[in-house]
Amino acid sequence: MPQPPYQVDQLQVEPSSGQTLTISRDAATGSLRFVDAVVTSGVNLSEMSGISTVDSVFVVGTAGAGATYSTVQSAIDAVPITSNENDPNVILVTPGVYQENLVLEKDGVSIIGLGEVVLKNNGASPTLTIQQGVATPELFLMKNVKIENDSVGQACINIQGVASTKLGISLLSFEDCT
């Protein structure tokens, strides 16, 4: 037998903890509103969802709704040249094989693989080239990405003219790379 709806103005979670943990309805928007010890002013559910609408977050996907970009390079190209350590940009890549040759010439870029992400070269070139161009890539992070290159004599990652100790690359693996 179905339970009747539970109607309250506000739920308080673990009131004995001494922290204010509440779920309520925002009077202005009607959205669910969450308050906890970290976000003491509260945040609406509508503000937490839709990360792809945040200016500094770019979502790449091979198919399906929600991904604004279908290639990693198009997301890199969309990162503003003003990106830097204090105003970074994040590229979230959904699972899939992305066959392209990437060129990164911007600072403050993080490429994060969500699930099984494979970057594979497209032709006889390095899979990823990091070089000075429109900006100097001083801060770069790549995480949870598998990089492959099946061209003889070509590198998975080629770093040219960048003298930085802030490059951080945490990959799942390199395959068939020189």
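Asp150 is partly exposed, with 49% relative accessible area, where buried denotes under 20%, exposed over 50% and partly exposed the range in between (1.4 Å probe, protein chains only). The structure is a predicted model, in which local features require pLDDT of at least 70, side-chain atom pairs count only at pLDDT 80 or more, and totals for chains, interfaces and linings use all residues. Residues are numbered from 1 along each chain as its sequence is written, and side-chain values use heavy atoms, with hydrogens and water left out.

The side chain of Asp150 meets that of Lys120 in a salt bridge, with an N to O distance of 3.6 Å; a salt bridge is defined as a side-chain nitrogen of Lys or Arg within 4 Å of a carboxyl oxygen of Asp or Glu. Because Lys120 belongs to strand β10 and Asp150 to the loop between β13 (146–148) and β14 (157–160), the pair ties together parts that are 30 residues apart in sequence. Lys120 is also partly exposed, at 23% relative accessibility. By this criterion there are two salt bridges. Lys146 and Glu148 form a salt bridge as well, their closest N and O atoms lying 3.7 Å apart. Glu148 is buried, its relative accessible area being 15%.

The protein chain contains two helices and 16 strands, assigned as DSSP runs (helices H or I, at least four residues; strands E, at least two) and numbered from the N terminus. Of its 178 residues, 35% are buried. The chain exposes about 10300 Å², of which carbon and sulfur atoms supply 52%; accessible areas were computed by the Shrake-Rupley method with a 1.4 Å probe, and for residues only the protein chains shown count as cover.

The largest nonpolar core comprises 23 residues, and Val72, Ile91 and Ile111 have the most contacts inside it. Such a core is a set of buried Ala, Val, Leu, Ile, Met, Phe, Trp, Tyr and Cys residues joined through side-chain atoms within 4.5 Å. Helix α2 gives the most to this core, with three residues. Ile111 touches Val72, Ile76, Ile91, Val93, Phe140, Leu141, Met142 and Lys143, residues up to four places away in sequence not being counted; contact means heavy atoms within 4.5 Å.

Strands β1-β2-β3-β4 form, in that order, an open sheet of four strands with antiparallel pairing, two strands being paired if DSSP finds at least two bridges between them. The edge strands, β1 (10–12) and β4 (43–44), each pair on one side only. Antiparallel pairing of β1 with β2 (residues 22–25) extends over three bridges, and Gln10 stands opposite Ser24 in β2.
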